[in-house]
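Hello,

Please find the structure below. My notes on it follow.

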Amino acid sequence: MRTRPYKDVTRAKCERCGQRAAYQWQGACVERRSRIVYHPLCADCDREGNELTMTWLHGKAKANELMRGYE
């Protein structure tokens with residue numbers, strides 16, 4: 001787990017599928033005593049993660065509406 005942000009995330013591989021990363025997500029990690037960790041993601045996995053998060057937060061109908069603006 002990386003605890004410093006990537007300077008050039010496109011050099012890293014996506015943690016989910018192994019393609020070239022385009023974005024990085026950050027979050028607190030329980031295993032690292034609440035330190036911030038960074039996860040490289042490709043564009044497809046980033047979109048899937050955003051859709052899942054928006055569905056959880058807003059429900060399916062609102063998430064679909066929000067995802068139309070994401071493209």
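Asn-50 counts as buried, at 19% relative accessibility (buried is under 20% relative accessible area, exposed over 50%, and partly exposed in between, with a 1.4 Å probe and protein chains only). The residue lies in helix H1. Apart from its neighbours within four places in sequence, Asn-50 is in contact with Trp-25, Met-67 and Tyr-70, where contact means heavy atoms within 4.5 Å.

Before the rest, the conventions. This is a predicted model, in which local features need pLDDT of at least 70 and side-chain atom pairs count only at pLDDT 80 or more, while totals for chains, interfaces and linings use all residues. Residues are numbered from 1 along each chain as its sequence is written, and side-chain values use heavy atoms, with hydrogens and water left out.

The protein chain has 2 helices and 2 strands, in the order β-β-α-α along the sequence. Helices (H or I, at least four residues) and strands (E, at least two) are DSSP runs, numbered from the N terminus.

On the helix pair: the axes of H1 (residues 43–58) and H2 (residues 60–68) come within 7 Å and cross at roughly 140 degrees. The axes are lines fitted to C-alpha atoms, for helices over the stretch in contact, and angles run from 0 to 180 degrees between N-to-C directions. H1 is therefore oblique to H2; angles under 35 degrees count as roughly parallel, over 145 as roughly antiparallel, 65 to 115 as roughly perpendicular and the rest as oblique. The residues making the contact include Arg-47, Asn-50 and Met-54 of H1, and Ala-63, Leu-66 and Met-67 of H2.

On the cysteines: a search of the whole structure finds 0 disulfides, a disulfide being a pair of cysteine sulfur atoms within 2.5 Å. Cys-17 is in none, and its nearest cysteine sulfur, that of Cys-42, is 3.6 Å away. Cys-45 is buried at 7% relative accessibility, whereas Cys-17 is partly exposed, with a relative accessible area of 42%.

For the chain as a whole, 24% of the 71 residues count as buried. Among contacts between residues at least 6 apart in sequence, 36% join residues at least 24 apart.

Regards
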